[in-house]
Amino acid sequence: MTAPENKSAQTLAALGVRQPDQLAPLFAEIRARFDADIAAVHDEKAWKQFRDAWLGRKSGVLTQITDNWLKPATPELKRVVGQELNKLRAYVEAQIEARRVAVEAGADESALARERVDLSLPGVTRPIGSHHLIRQVFQQIEDIFVSIGFSVVEGPEIETPYYNFEALNIPEFHPVRDDMDTFYIELPKGAPSPLLLRTHTSPMQIRTMEKRRPPVRVIVPGKVYRRDNPDATHSFAFHQVEGLAVDTDITFCDFTGTIEYFVKQFFGPGVKTRFRPSYFPFTEPSVEFDVTCVFCGGSGVSTGGGTCSKCKGAGWIELFGAGMVDPAVYGFVKYDPKKVSGFAFGIGIDRLAMLKYSIDDIQVFFQNDVRFLRQFP
Ligand code: PHE
């Protein structure tokens with residue numbers, strides 16, 4: 001902004017103005033100066049300075065004109081100076097007010113422009129992760145069993161020997177306790193019962209039957225623990241899904257039919273199942289379920305022509321243990337073994353997942369390497 005009109009700081013006499021008709025051009029000059037300067041006012045701070053320069057009481061241009069031109073004017077000029085000054089004042093005041101409105105609106109507009117949300121910009125992607133493969137396999141198994149009338153229950157990972165062993169017909173000093181090297185919890189002296197990390201999900205058979213009367217149809221997904229040294233097929237923590245069906249008329253056929261249905265749903269209709277006699281203290285008879293090798297299709301021969309390394313040429317892969325519930329178990333839960341019958345199974349999830357997804361090292365489930373996890377979105 002240029003300095004306020006110097007001419008207003010001088011008297012008319014000093015400016016050489018003697019005739020009334022010299023006044024109109026002089027005021028026009030002032031107004032032109034005003035117009036030029038106001039065009040440069042764009043923000044509130046500049047507007048305030050500008051207003052004070054023109055309308056300020058002490059030294060604004062209009063005050064100067066009043067003091068230097070009007071007051072000392074000859075009677076001849078005074079009337080016209082007064083008229084011109086009034087016109088100029090009205091003009092200046094109106095323009096400055098209009099400018100204020102414009103500057104304020106402009107400020108609003110630029111704030112809006114600054115804060116505008118551009119909906120065409122690409123969004124911010126926040127990775128939400130995915131389920132761990134083990135969790136996904138749990139889910140697949142749950143879906144299959146839920147679809148045939150089972151419900152899902154969960155139980156504690158810290159168990160008492162009663163639920164983990166005794167009530168499953170595994171008395172103290174029974175040799176199978178050695179197969180399940182067990183982690184015991186260190187407890188303060190005088191604790192009422194020893195506690196252990198469950199070695200299988202079977203304790204939930206007992207807890208479920210204690211709470212429910214037949215018919216019972218549940219599966220129990222969960223973590224289990226055994227004192228194993230870690231290698232490609234062993235881990236001290238792994239996963240099982242227990243299954244239990246007890247009713248008044250459940251037969252061995254229901255049992256094998258159910259298992260076969262599950263295996264075909266899980267691995268695909270091409271696989272075959274078979275069972276072999278086995279032993280568990282809480283099932284009688286007990287079986288081991290095998291499935292035709294998913295790698296060589298049951299031929300025992302690998303695609304390269306050699307012996308299939310996964311089933312070692314057998315064509316079959318051992319899947320899980322199962323059996324008809326041993327009548328002795330019913331005694332612990334006050335079911336009448338003469339009236340009820342049922343079957344139970346315990347599926348090793350890690351092994352199942354390894355077979356289905358061709359994973360050759362169980363440890364990858366626990367290392368949480370994102371390069372592995374991302375392969376199963
Ligand atoms: N609990 C057994 C295990 O972990 C598996 C099993 C469950 C066997 C139910 C029979 C019936 O080895």
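## Contacts of F262

Leaving aside neighbours within four places in sequence, F262 is in contact with I141, I144, F145, F320, I347 and L352. Contact means heavy atoms within 4.5 Å. The model is a predicted one: local features need pLDDT of at least 70, side-chain atom pairs count only at pLDDT 80 or more, and totals for chains, interfaces and linings use all residues. Residues are numbered from 1 along each chain as its sequence is written, and side-chain values use heavy atoms, with hydrogens and water left out.

Buried means under 20% relative accessible area, exposed means over 50%, and partly exposed lies in between (1.4 Å probe, protein chains only).

Helices (H or I, at least four residues) and strands (E, at least two) are DSSP runs, numbered from the N terminus.

## Helix 10 against helix 12

The axes of helix 10 and helix 12 come within 11 Å and cross at roughly 45°. Axes are lines fitted to C-alpha atoms, for helices over the stretch in contact, and angles run from 0 to 180 degrees between N-to-C directions. The two helices are therefore oblique to each other. Angles under 35 degrees count as roughly parallel, over 145 as roughly antiparallel, 65 to 115 as roughly perpendicular, and the rest as oblique.

Helix 10 makes this contact through F262, F266 and F267, and helix 12 through L352, L355 and K356. K356 also places its charged end over the ring of F266, 4.1 Å from the ring centre. A charge sits over a ring if NZ of Lys or CZ of Arg is within 6 Å of the ring centre and within 35 degrees of the ring normal.

## Aromatic pairs

The whole structure holds 25 aromatic pairs. One of them is F145 with F345, stacked at 5.2 Å centre to centre, with 25° between the planes. Rings of Phe, Tyr and Trp (its six-membered ring) pair if their centres lie within 6.5 Å; planes under 30 degrees apart count as stacked, over 60 as edge-to-face and the rest as tilted. This pair links distant parts of the chain: F145 is in helix 6 (residues 133-146) and F345 is in strand 9 (residues 341-348), 200 residues apart. F145 is buried at 0% relative accessibility, and F345 is buried at 1%.

Y162 and Y163 form an edge-to-face pair, 5.2 Å centre to centre, with 80° between the planes. Y162 is partly exposed at 30% relative accessibility, whereas Y163 is buried at 14%. The charged end of R207 sits over the ring of Y163, 3.9 Å from its centre. Elsewhere, ring pairs link F145, F150, F252, F255, F262, F266, F267, F275, F289, F320, F343 and F345 into a cluster.

## Helix 4

Helix 4 (residues 61-70) is largely enclosed by the rest of the structure, because eight of its 10 residues are buried. They are V61, L62, T63, I65, T66, N68, W69 and L70. These buried residues pack against helix 1 (12-15), helix 2 (23-38), helix 3 (44-55) and helix 5 (75-115).

## Loops and backbone exceptions

Most residues other than glycine have a negative phi, and most peptide bonds are trans. F173 has a positive phi of about 70° although it is not a glycine. F173 sits in the loop between helix 7 (161-164) and helix 8 (176-179), and is exposed at 76% relative accessible area. K334 has a positive phi of about 60°. K334 lies in the loop between helix 11 (327-332) and strand 9, and is exposed at 69%.

The P214 to P215 peptide bond is cis, with omega near 5°. P215 is in the loop between helix 9 (203-211) and strand 4 (216-225). The E284 to P285 bond is also cis, with omega near -5°, and P285 is in strand 7. T303 is in the loop between strand 7 and strand 8.
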